[in-house]
Amino acid sequence: MQPLGPIDHQMGELWVANPFLLVPNRQNLSAFERNRLFLNDHGKSFIDASFVSAADILADSRSVVAADFDRDAAPDLLVASDGGGPLRLFLNRFPRNSARIRLKLVGHKSNRAGVGSRVELECGGRRILRDMFIKNSCLAMQPVEPLIGLGAVNQIDRLSIRWPTGQVQKFTKLPTNVIITITEGSSEWQIEPLSPDPT
């Protein structure tokens, strides 16, 4: 087996027909490039926020988990790099200009985490859909607790959950800026406060 084109040794390119020979040959696939972070600009474009986020570390980063580590319903980033070294946690300190929730489903007849459920919210004249699936990246898995931005609203007008069993539950007038737990088959829902925004 041969490479597809010429190898640029000055750029650190290499070719090994058998990847198990990398270690004995003292070769490394690490690519130390600055990490990049982009912000979605209302679905129109993306803004490069790498430098201001401080997430633009120079490392051979492989795994990333976007999850709510500080319980404020805003996604934080946990980054792991190849070759050991520390896990790096980047807490989301972006200004909170809109309402949000963190949703937790508890299944009974369905699986415990509600994987495969469809959540539909209506608020402020908008309809928001979320399918509950486990998101995986390289050597990482995110929790099944969606973080949902709601915009400038004071409540969720309607929330509907279709569980994997086909059962549908509907709720009205739910609060925002909280953690909401909904249990399959129960007409009740529980809320927990979010952590306060950092000052």
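Student: How do β9 and β10 pair, parallel or antiparallel?
Tutor: β9 and strand β10, residues 126-131, pair in the antiparallel sense over six bridges. Strands are DSSP runs of E, at least two residues long, and helices are runs of H or I of at least four, numbered from the N terminus; two strands pair if DSSP finds at least two bridges between them.

Student: What sort of model is this, and how are residues numbered?
Tutor: This is a predicted model, in which local features need pLDDT of at least 70 and side-chain atom pairs count only at pLDDT 80 or more, while totals for chains, interfaces and linings use all residues. Residues are numbered from 1 along each chain as its sequence is written, and side-chain values use heavy atoms, with hydrogens and water left out.

Student: Which residues have the most contacts inside the largest nonpolar core?
Tutor: They are Leu121 and Leu150, in a core of 22 residues. Such a core is a set of buried Ala, Val, Leu, Ile, Met, Phe, Trp, Tyr and Cys residues joined through side-chain atoms within 4.5 Å. Two or more residues each come from β8 (99-106), β9 (118-123), β13 (147-151), β14 (155-162), β15 (168-175) and β16. The largest share, four residues, belongs to β8. Another core, of five residues, lies apart from this one and includes Ala55, Ile57, Val79 and Phe90.

Student: What does Leu121 contact?
Tutor: Leaving aside neighbours within four places in sequence, Leu121 is in contact (heavy atoms within 4.5 Å) with Ile101, Arg126, Arg127, Ile128, Ile148, Leu150, Ile156, Arg158 and Leu159.

Student: Now Thr181: why does that residue count as buried?
Tutor: Thr181 counts as buried because its relative accessible area is 12%. Buried means under 20%, exposed over 50% and partly exposed in between, with a 1.4 Å probe and protein chains only. Thr181 lies in strand β16, residues 178-183. Beyond four places in sequence, Thr181 touches Lys104, Val106, Trp189, Gln190 and Glu192.

Student: And Lys173, buried or exposed?
Tutor: Lys173, in strand β15, is exposed, at 61% relative accessibility. Not counting residues up to four places away, Lys173 touches Gln155, Ile156, Asp157 and Trp189.

Student: How far apart are Lys173 and Glu13?
Tutor: They are 160 residues apart in sequence and 58 Å apart in space, C-alpha to C-alpha.
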